[in-house]
Amino acid sequence: MKNRIRAGNPHKLVLGVDIGGTKVAVGLVNSRGQILHAGRAPMTARGSADQGFRAVLQAIDGVMPKARAARVRAIGVCAPGWVESERGVLLSATNLPCWRNFPLARKIAKHYGLPTRLTNDASAAALAEAKWGAGSKYESIFYVSLGTGIGTAMVREGEIYHGRAGGGCEGGHMSINFNGPLCGCGKRGCVEMYASGTAISTRARRLLRQMRNSNSQILKVAGGNISNVTAETVNKAARSGDNLATQILQEAAEHLAIWLGNLIDLLEPEVIIVGGGIGRVMTSYRARMRRTLENWAINPGAHRVPILNASYRSQSALAGAAAQWLAPTRRRND
Ligand SMILES: [Zn+2]
């Protein structure tokens with residue numbers, strides 16, 4: 001690709017698009033990583049491929065007048081699941097069943113007449129944090145997105161590690177218990193089954209059902225309805241001093257630490273950055289994670305690897321989608 005934009009000029013703007021299972025976030029991003037004119041629209045993830053694509057166009061159209069006025073030169077898109085960045089194809093994503101082998105980047109490029117790149121959302125978020133956020137002072141970062149699931153990415157010297165065909169660094173489905181519960185991916189005991197938002201709410205609901213007349217704050221925060229319990233409900237209850245909620249989050253933190261210990265031994269990153277919807281909930285148990293890590297990493301420097309919050313909070317992936325042009329990583333066809 002020849003349409004690479006020079007980094008360093010704050011006047012160059014890229015349109016970033018973060019596609020999720022329920023919403024599409026769009027914004028203009030400058031080469032300092034600042035997000036301007038952000039907007040969002042609902043995503044139609046469970047209809048036809050064309051309905052899904054139209055939902056994305058609608059979200060982009062909301063910001064396009066501003067983008068045209070600012071002479072935006074490129075579009076950067078990110079989405080969850082398996083993405084082949086070099087061809088701009090979304091292979092498959094559990095949260096986007098509308099698409100299989102969908103040439104998303106090419107279709108967006110054709111519609112707006114602007115060069116378009118596509119990457120995985122965790123890779124995008126990692127790139128934004130490495131370039132402009134919590135990882136900007138480090139050479140190698142391991143990024144963890146804790147939300148409905150667990151997404152991961154590694155950035156080294158400004159480059160995302162993609163693996164052979166773009167599927168590398170898929171850490172959320174590393175098993176930490178081969179006798180563990182069956183994960184949606186087909187494996188057993190994936191860390192996602194113990195420390196994601198879904199895992200936390202599932203565990204809380206199961207325990208509340210077993211206990212029946214529980215006087216846990218979790219149930220009160222959820223309005224008395226077990227089906228309404230989310231990871232956020234558990235967090236609120238824990239903050240009000242509820243023992244059951246605290247215990248559930250502590251256990252999730254310990255599972256995370258076991259997994260991170262393995263990852264430090266394998267990759268030895270300079271820093272671990274935690275983002276996603278429940279990232280800050282889990283890093284509030286950092287001290288406990290550190291104690292557990294001592295037993296689950298053999299690297300003598302493991303205790304020195306900082307565990308930091310993502311600077312962009314929920315907007316890391318949006319900034320990172322644009323960062324594909326503003327902080328380009330090497331691609332084989334460049
Ligand atoms: Zn799995």
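Which side chains does a polar contact of 3.3 Å join? In this predicted model, the polar contact links the side chains of His-173 and Glu-192.

## The zinc site

The zinc ion is coordinated by four residues: His-173 through ND1, and Cys-183, Cys-185 and Cys-190 each through SG. The coordinating distances run from 2.0 to 2.3 Å. The angles among the four donor atoms are 106 to 118°, and the site is tetrahedral. In general, the ideal angle for four tetrahedral donors is 109.5 degrees.

Along the sequence, the donor residues follow the spacing H-x9-C-x1-C-x4-C. His-173 and Cys-185 both lie in the loop between β10 (159-160) and α4 (192-195), so this pair ties together parts that are twelve residues apart in sequence.

How much of His-173 is accessible, and is the residue buried or exposed? His-173 has a relative accessible area of 18% and is buried, because the limit for a buried residue is under 20%. Cys-185, by contrast, is partly exposed, with a relative accessible area of 40%.

Leaving aside residues up to four places away in sequence, His-173 touches Cys-183, Cys-185, Lys-187, Cys-190 and Glu-192. Among these residues, Cys-183, Cys-185 and Cys-190 also coordinate the zinc ion.

## Helix α8 and its ends

Helix α8 comprises 25 residues, 243-267. The distance from its first C-alpha to its last is 35 Å, close to the 36 Å expected at 1.5 Å a residue.

At the N-terminal end, α8 is capped by Asp-242, which has a side-chain oxygen 3.3 Å from the backbone nitrogen of Leu-244. Just after the helix, Glu-268 adopts a positive phi of about 45°.

Conventions:
Residues are numbered from 1 along each chain as its sequence is written. This is a predicted model: local features need pLDDT of at least 70, side-chain atom pairs count only at pLDDT 80 or more; totals for chains, interfaces and linings use all residues. Side-chain values use heavy atoms; hydrogens and water are left out. Donors are N, O and S atoms within 2.8 Å of the metal (3.2 Å for Na, K and Ca); water is not among the atoms, so sites may look incomplete. Four donors count as tetrahedral if all angles lie between 85 and 135 degrees; four count as square planar and six as octahedral if opposite donors are over 155 degrees apart and all others between 65 and 115; anything else is irregular. Helices (H or I, at least four residues) and strands (E, at least two) are DSSP runs, numbered from the N terminus. Buried means under 20% relative accessible area, exposed over 50%, partly exposed in between (1.4 Å probe, protein chains only). The expected span of a helix is 1.5 Å times one less than its number of residues. A polar contact is a pair of N or O atoms within 3.5 Å; within protein, one must be able to donate a hydrogen and the other to accept it, and residues adjacent in sequence count only if both atoms are side-chain atoms. Contact means heavy atoms within 4.5 Å.
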